[in-house]
Amino acid sequence: MRIGREDDNDLVLDSAACSRHHAEIVDQGGLFKITDLGSTNGIVIGDRRVPDYLLSEGLRLTLGDFELAFSFPAGQSAKTVAIPIGGGAVAAAPSTKVLYLHIQARDGVRAVKIVAGADYIIGRSQGSDVVLDDSGCSGRHAVIFWQDGRVMIRDLESANGTQVNSEAVLEAEIRTGDHLTLGRTEVLVSDQPPDTADDDILLRRTQLGLQLPAAPARAAHREEAHGHDAAPIPRWVMALAAVAVVVLVAVFAGSRLLNRVAPQSGRDGGPTAAAEEMIVEVRPVIRKELSFTVSAAGTVKPQRQVTVSAEIPGRVVSAPAERGSTVRAGDELIRLDDREIRLQITEASSSITTAQVELAREDYERKQRLFADGAVTRSALDQSKNQYLGLDSAYRSTQARIAQLKERAAKTRIHAPLTGTVARLEVEPGEFVAPGMPIAVIEDMEDVLVVVEVADRDVVRLRSLQVVEATSDAFPGKIFSGVVERVGGAANPVTRAFEVEARIANPDGELRSGMIISLRILLEKRNALVVPAAALLGEGAETARVVVVSNGVARSAEVTVGRRSDRDVELLSGLAEGDEVVVSGHDRLHDGQPVKTYRENP
């Protein structure tokens, strides 16, 4: 059961405090566990936030601003393992078969006890029962479970698959001595306890308030009959018994193989009464709203990037800005040494003053009046005039020189041309810079751009301003919103793909240049009849085959399929809403075979 704010959840909590997909509850053979799906506000029990938790009778927890209380009905389905939650009478339990997984870890061999009566999720995620420190493993890689007295392993659509004795399997029986490969981790299946203490997952669950199943009566009776002082079984007897078991297993496996290969039909060509009845997982055909998207991955880059350079030579005396800091337009990035320029300005300012020019002008005007009265000669007047004009010209030239020096001095202060983040700072105090030399790189990351490549079958469905959802492994569970900015008009001649550029909002500055980010471009949403993708066999371009269960009998059916969306496929014809299709075990079925069914939460 998936819980969250979006309408595609099984339980919808309409609140902004809840994430789109907040948590999920999984039935692990009667042990119900709730797991956080990377939500913003998490799962809170009391005043403690937990990544996952086993549910028990009366438990109360908080999701966003909702409080959920849990209780369990008195009756249990046949599939439910008899491990009561929160107390109560213990029902009949399965056999107490125990296996040990010997896991090759970095620091040696680690052992995990596997007990009948519970499913064990194995993977890299901390929410798994058996956590593997292996980047080659998926978060939920595989599950080990009991079925009709047999120990089974099922791959959970992992990236690198699951192998049993070097053979890739989707679901297979495992036995003592088998070697499992999950990602890059090697696991030996054994019935012998390890020398060191092992991880007892079922015991850990019990410590959380769950009771173990009662010991089978047969085992208790045998203990009473032999007593505590019974003599140990001789080794030659155990060896002989082991050989007998191997022979019986080989005979049984051979007969199973012959039964599977040989046609099981009676006189009328139909299935025989002795046809093997299998247990398979089924899901119903349902109607739901499908979101059709185009997915691709790309690299984050800034919407604007500016390289700041020096305009004049000089030595760096200080760098107020730091790498990674946020600056506003006009903030000082680098300061160069301006002492020599300031000395030149002072020297030029003191050579010819305004007062000297003003005195020369007054003397020239006074001699003009005296010459008009005949008191001075023409020669004296001309001399005064030349002196005034010379000083005035020199003064103006000096002022122009001072203005140039001041402009040069201003360039010793290098400022940010835009608001953004200092991505790179190329110089340190004490270094000498030349004109044109790069000083810093500033990136405007308020919005970021992501360029991805899509195939030609997808690019024809893309348009500018289509809604984009972006996710990053650096921020699990968080979705960044954006739009398509540009759709390429020509394919890359090498990759034959088309470039699509999306603009993603980054108001908090969390996305940084160079990050890998995944995009989902929303094409459309529509209500459709869907079938689980896991149910399809022999899928073609438009048709596929599924196994339908009706009245306990499996029948093959051909269906017409449309487009895919996540784990579902659009169903155009061939089945009706409510029909049950097999999603696990259908590769071992034949038409008309009787089956028993069970359902798991999708």
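## Strand E30 and its partners

Two strands pair if DSSP finds at least two bridges between them. Helices (H or I, at least four residues) and strands (E, at least two) are DSSP runs, numbered from the N terminus. Strand E28 (residues 420–425) meets this rule with E30, the two being antiparallel and joined by 4 bridges. In that pairing, arginine 424 has valine 441 of E30 as its bridge partner.

The model is predicted, with local features needing pLDDT of at least 70 and side-chain atom pairs counting only at pLDDT 80 or more, while totals for chains, interfaces and linings use all residues. Residues are numbered from 1 along each chain as its sequence is written, and side-chain values use heavy atoms, with hydrogens and water left out.

E30 also pairs with other strands. Strand E23 (residues 286–309) runs antiparallel to E30, with 10 bridges between them; valine 308 has alanine 440 in E30 as its bridge partner. Strand E33 (residues 498–505) is likewise antiparallel to E30, through 8 bridges, and here aspartate 447 is opposite alanine 505 of E33. Buried means under 20% relative accessible area, exposed over 50%, and partly exposed in between (1.4 Å probe, protein chains only). Of the 17 residues of strand E30 (residues 438–454), 12 are buried, so the strand is largely enclosed by the rest of the structure.

Valine 44 is opposite threonine 62 in E8.

Strand E26 (residues 332–336) is antiparallel to E27, with 3 bridges between them; arginine 335 has arginine 413 in E27 as its bridge partner.

## Aromatic pairs

Rings of Phe, Tyr and Trp (its six-membered ring) pair if their centres lie within 6.5 Å; planes under 30 degrees apart count as stacked, over 60 as edge-to-face and the rest as tilted. The count by this rule is 2 aromatic pairs. Tyrosine 364 and tyrosine 388 are stacked, at 6.1 Å centre to centre with 10 degrees between the planes. Tyrosine 364 belongs to helix H5 (residues 354–372) and tyrosine 388 to helix H6 (residues 378–410), so the pair ties together parts 24 residues apart in sequence. Tyrosine 364 is buried at 15% relative accessibility, and tyrosine 388 is buried at 16%.

Phenylalanine 475 and phenylalanine 480 form an edge-to-face pair, with 5.9 Å centre to centre and 70 degrees between the planes. Phenylalanine 475 is partly exposed at 22% relative accessibility, whereas phenylalanine 480 is buried at 6%.

## Salt bridges

A salt bridge is a side-chain nitrogen of Lys or Arg within 4 Å of a carboxyl oxygen of Asp or Glu. The structure holds 38 salt bridges. One of them joins aspartate 36 and arginine 49 (3.8 Å, N to O). This pair links distant parts of the chain, with aspartate 36 in strand E4 (residues 31–36) and arginine 49 in strand E6, 13 residues apart. Aspartate 36 is buried at 17% relative accessibility, whereas arginine 49 is partly exposed at 46%.

Glutamate 501 and arginine 486 form a salt bridge at 4.0 Å, N to O. Glutamate 501 is in strand E33 and arginine 486 in strand E32 (residues 480–491), so this pair ties together parts 15 residues apart in sequence. Glutamate 501 is buried at 11% relative accessibility, and arginine 486 is partly exposed at 34%. A network of salt bridges links Glu6, Arg20, Glu469 and Arg520.
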